[in-house]
Amino acid sequence: AAHLVRGDAAEQLACEYLVARGLRVLARNFRCTGGELDLVLADATGLVIVEVRCRADGAAVDGLASLGRDKCRRIIHATEFFLLAHPPLAGVPLRFDVVTVTGAPPAADVAWFRAVFTADDVAGPRGFRV
């Protein structure tokens, strides 16, 4: 499907954008039951979980606004699985960022939003286990 190809291109663009700014890629498209992480990177402060939001030019809802509470919960859920699979990272400070890619690569506009949400913002009654 065209949106998957566009999504892959947007993720690649976002990844290159962040790497050019000093982040290191630890994982791409980490999948688990009930969730997925687009990009897992590391910077000087710790672990950075990045959700890539791809939007066509002139879309009614921008990429950042399209990130709902349920999607944030799924990202946190997948982060728990990622940390369980990578025990040395479990105690590392964690940040949830969003990169929006608007328009078609390579002419797309890339924007990076740091610390868009925290586990506490969207935690259910169980909270963030890890």
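Two strands pair if DSSP finds at least two bridges between them. The strands themselves, like the helices, are DSSP runs numbered from the N terminus, with at least two residues (E) for a strand and at least four (H or I) for a helix.

This is a predicted model, where local features need pLDDT of at least 70, side-chain atom pairs count only at pLDDT 80 or more, and totals for chains, interfaces and linings use all residues. Residues are numbered from 1 along each chain as its sequence is written, and side-chain values use heavy atoms, leaving out hydrogens and water.

Start with the hairpin of β1 and β2. Two residues lie between its strands, and G34 takes a positive phi near 85 degrees. The strands run antiparallel and are joined by seven bridges. F30 has L37 in β2 as its bridge partner.

On its other pairing, β2 runs antiparallel to strand β3 (residues 46–55), with five bridges. There, V40 stands opposite I49. Strand β2 (residues 35–43) is largely enclosed by the rest of the structure, because seven of its nine residues are buried, meaning under 20% relative accessible area with a 1.4 Å probe, protein chains only.

Now the rings. There are two aromatic pairs; rings of Phe, Tyr and Trp (its six-membered ring) pair if their centres lie within 6.5 Å, and planes under 30 degrees apart count as stacked, over 60 as edge-to-face and the rest as tilted. F30 and F82 have ring centres 5.0 Å apart and planes at 90 degrees, so they are edge-to-face. F30 is in strand β1 (residues 24–32) and F82 in helix α2 (residues 69–85), so this pair ties together parts 52 residues apart in sequence. Both are buried.

Technical notes
Buried means under 20% relative accessible area, exposed over 50%, partly exposed in between (1.4 Å probe, protein chains only).
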